[in-house]
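Here is a short report on one protein model.

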Amino acid sequence: MRIAILSRNAKLYSTRRLVEAAEARGHEVDVLDPLRCYMNINARESSIHMKGRVLPQYDAVIPRIGASITFFGTAVLRQFEMIGTYPLNESVAISRSRDKLRSLQLLSRKGIGLPTTGFASQPQDIPDLIEMVGGAPLVIKLLEGTQGIGVVLAETRQAAESVIEAFMGLESHIMVQEYIKEAGGADIRCLVIGDKVIAAMKRQAKPGEFRSNLHRGGSASLVKLTPAERATAVKAAKTMGLNVAGVDILRSNHGPLVMEVNSSPGLEGIEGATEKDVATQIISFIEKTAKAHRTRTKGKG
C-alpha cells in the first residue's frame, strides 16, 4: 500500500515508529506536513497539492494532527477522504474528540462514567457551579488546553472562585470538574485499536503535582486493567468514532471515569512502559480496514 502520514515533524518518535513499522511490512510511506498541503476543490476532480505538485493517490492516511492545527489539519484530512483515501481516524471524529465539552456530553449520553462536570459563562453562576461538582477541592480546565496546560487544582472555595472569575474575565472557556482524590494523582492511558485495548499504562504524577501527564514529569508503568476499565475505554473510543484512540481513565470509588479521549495518542510512553509494538499493530489494523474500505468504495462506484 501507499500510506501518507500527516505530521508536522518526521523526526517525532510516533511518526518515526509508524514509518518504520509500515516500511517493515512492505508499504511505501510519505510523511506530509499538513500545513504545507493546499487544496483544489471543484466538482470535477478535487486534489491535494504540495510544493507546486499534485500529490499522488494514497491508499490510506494516518493523521497525526496536533491540537494547535486542528482546523486546517482536519480540512486537509477531509480532502483526502473526499478523493477516496482511507483515513485511520476520520476528520469528523478528530474534531469531535478535540471539543472537550462536546466529548463529555456525548460520553455522558452513552452512560459512560465521567467526573461530574460543570460549564457556565456568567460570574453570578460560579457559586452554584462549585456546588454542582461537590465543592472544593475541584479541577478547573481550559477547553483549549493540552498536555496538562491550563489545568488548575483549586484546593479551597475561595481559590476556586478567584481562578474561575479570572478565566471568565479573560473570556476563556473553562469547565469545572470534581476532584477524584482517591485516584492519588494517577490515571490510566488505554490505547484502543478497533474494538480492543491493546496496551495500557499507569501514569503517576510527580510529588507535589496532581497532573499525571508525562510531559509534566509524570512516570509511566505497566498496569493490569479490570474488565470494566477495558469496556469503558473501548466504548469511549467508539462513541467518538475513533479507530485508534488514547483513552484516559481515573480509578474512582464508583468505577472507571473517562477524563479524555485523545485522537492522536503518542506512542513513546506506552511502547516504553508496556514493551509492546503498538506501531506495527496500527499498521496491521490499517491493512485490514483499508482493504474493506476499497471494497465498499468500489461498490458505491
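## Two annotated residues

N262 is partly exposed, with a relative accessible area of 21%. That value counts as partly exposed because buried means under 20%. The model is a predicted one. N262 lies in strand β16.

What does N262 touch, leaving aside residues up to four places away in sequence? Its contacts are R189, L242, V244, A245 and G246.

## The partner in the annotation

The UniProt annotation "binding site", from an unreviewed entry, covers E260 and N262. Such annotations may be inferred rather than shown by experiment.

E260 is found in strand β16, which spans residues 255–262. E260 is partly exposed, and its relative accessible area is 33%. Residues up to four places away in sequence aside, E260 touches K100, G246, V247 and D248.

Two packed helices are described by the angle between their axes and the distance between the axes.

Helix α3 covers residues 91–98. It packs with α4 at an angle of about 100°, and the axes are 5 Å apart. Angles of 65 to 115 degrees count as roughly perpendicular, so α3 and α4 are roughly perpendicular to each other.

## Helix α4 against helix α7

Helix α4 (residues 100–109) also meets helix α7 (residues 227–240). Their axes come within 10 Å and cross at roughly 120°. That angle makes α4 oblique to α7. The crossing of α4 past α7 is right-handed.

On the α4 side, the contact is made by S103, L106 and L107. On the α7 side, A236, T239 and M240 make the contact. By class, the contact of α4 with α7 has four nonpolar and two polar residues, and no charged residues.

## In brief

E260 and N262 carry the "binding site" annotation from UniProt. Helix α4 is roughly perpendicular to α3 and oblique to α7. The contact of α4 with α7 has no charged residues.

Conventions: Residues numbered from 1 in each chain as written. Predicted model: local features only at pLDDT ≥ 70, side-chain atom pairs only at ≥ 80, totals over all residues. Heavy atoms only, no water. Axes fitted to C-alpha atoms, helices over the stretch in contact; angles between N-to-C directions. Helix = DSSP H or I, 4+ residues; strand = E, 2+ residues; numbered from the N terminus. Parallel < 35°, antiparallel > 145°, perpendicular 65-115°, else oblique. Left-handed = near helix turned anticlockwise from the far one by under 90°. Contact = heavy atoms within 4.5 Å. Nonpolar A, V, L, I, M, F, W, Y, C, P; charged D, E, K, R; others polar. Buried < 20%, exposed > 50% of the residue type's maximum accessible area, 1.4 Å probe, protein only.
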